[in-house]
Amino acid sequence: MSIARKLKQGMAAMLSQEKLKENALTSIRLGVEDFQRASRAATDGGDPERAISAARNLFAGLLLLFKYGLATKVTKAEEIDSLLFNPPRQIVPHPNGTGGVQWRPVGKFAKQTIDVDGIKSRFEAFGIEVNWDAMRQLQDERNNLEHLHPTKSIGAIAGFVAETFPIVQQFVVEELEEVPADFLGPCWRIMLEHRAFFEGRLQECLDAWRASSVPSGMLPYLASIRCGECGSPLLAPSQDDDGEYTCVACGESSPLMSELMEAVTEAEAGSYDPYDGDEPPLRDCPNCSENLFVVADGECRWCGYELEDWECVVCGEALGLDDQHNGGLCGYHAYQRDKDD
């Protein structure tokens, strides 16, 4: 291959990498600007509907940042394309001329670039680490902003921006080996200040819940509850009613127990399917009567009541909530005992 062709290929790869970097930084900048616009009061030129575009731009910028990171791992333009575009669906074997086979794709690469799953699989191949649980949560939050809170999403976008921050920070520092303030410019300072402010308010809410009448066993589930009015996670105990929460972002107050039950159910349901005859993940607690007794753990999340008898003293069969009145016996041996009496 001639030196001129090599240089041409090298320049194409550089331009491709730089374009991805430019697009990533532009999307992140637009997302931050949308967030600032959405956060301001209407009298100060604010527009709460910009919260949705903020989430879209920030999430798109994050994916572009990941794709730029992939592009930096190779040097040839065609290799960048093969990394970032979806490959043909069909791969067939071809003889390699030495008695073996080579597996080659049939057809052309698709025009669409890879999605989150495609990025994840390539990151695993290149040994690039990202908190994918946090990414999935961020993707769900983005979807919720678009579909569940399309007109009242200003509370939710504050959490979205704060959750984006550590993912961007980790990737820029550890994978791109860049200084975030230099790489992201003014956007970094805005995100950094907001993250610190948001975490401070979140800690204040947690401290308030710890000092409230809500049992400590429920605290882990409070983090998943969002305000039904604006989608914010900044919820604190209501000063007027112990059974309600008040949203720090919009001031809305709503009943707490139904939200807690939904959060516990979602966290503990697992593969529960009522149509398969599975036992519900939650039951009414015999001690406090709240529907927060987790069957799998044998413990009530509200009052802390635990099963007293875990297995039959005769046969060792596991005992459930309905067996607790049998004096340590399963249903069969309890029946035999009562029959003999």
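This report covers the salt bridges and aromatic contacts in a predicted model.

## Salt bridges within helices

The structure contains 11 salt bridges. Side chains of opposite charge can pair when their charged atoms come close.

One of the bridges joins Arg29 to Glu33, with 3.1 Å between the closest N and O atoms. Both residues belong to helix H1 (residues 3-39), where they sit 4 residues apart, about one turn of the helix. Arg29 is partly exposed, at a relative accessible area of 36%, and Glu33 is also partly exposed, at 36%.

Another bridge pairs Asp207 with Arg210, and here the closest N and O atoms are 3.8 Å apart. The two residues are 3 residues apart in helix H8 (residues 186-210), a separation of about one helical turn. Asp207 counts as partly exposed, with 39% relative accessibility, whereas Arg210 is exposed, with a relative accessible area of 53%.

The side chains of Arg283 and Asp322 form a salt bridge with an N to O distance of 2.8 Å. Arg283 is in strand E6 (residues 282-283) and Asp322 is in the loop between strand E8 (299-300) and helix H11 (331-340), so this pair ties together parts that lie 39 residues apart in sequence. Asp322 is partly exposed, its relative accessible area being 49%.

Salt bridges also link Glu268, Asp297 and Arg301 in a network.

## Aromatic pairs

Across the whole structure there are 8 aromatic pairs. In the pair formed by Phe66 and Trp132, the ring centres are 6.1 Å apart and the planes meet at 65°; planes over 60 degrees apart count as edge-to-face, so this pair is edge-to-face. Phe66 is in helix H2 (residues 50-71) and Trp132 in helix H5 (residues 132-147), so the contact ties together parts 66 residues apart in sequence. Both Phe66 and Trp132 are buried.

Phe293 and Tyr305 make a tilted aromatic pair, with 6.2 Å from centre to centre and 45° between the planes. Phe293 lies in strand E7 (residues 293-294) and Tyr305 in the loop between E8 and H11, 12 residues apart, and the pair links distant parts of the chain. Phe293 and Tyr305 are both buried.

## Ring cluster and a charge over a ring

Phe66 and Trp132 also belong to a cluster, in which ring pairs link them with Phe123 and Phe171.

A further contact involves a charged side chain and an aromatic ring: Arg201 lies over the face of Phe197, 4.6 Å from the ring centre.

How values were computed:
Residues are numbered from 1 along each chain as its sequence is written. This is a predicted model: local features need pLDDT of at least 70, side-chain atom pairs count only at pLDDT 80 or more; totals for chains, interfaces and linings use all residues. Side-chain values use heavy atoms; hydrogens and water are left out. A salt bridge is a side-chain nitrogen of Lys or Arg within 4 Å of a carboxyl oxygen of Asp or Glu. Buried means under 20% relative accessible area, exposed over 50%, partly exposed in between (1.4 Å probe, protein chains only). Rings of Phe, Tyr and Trp (its six-membered ring) pair if their centres lie within 6.5 Å; planes under 30 degrees apart count as stacked, over 60 as edge-to-face and the rest as tilted. A charge sits over a ring if NZ of Lys or CZ of Arg is within 6 Å of the ring centre and within 35 degrees of the ring normal.
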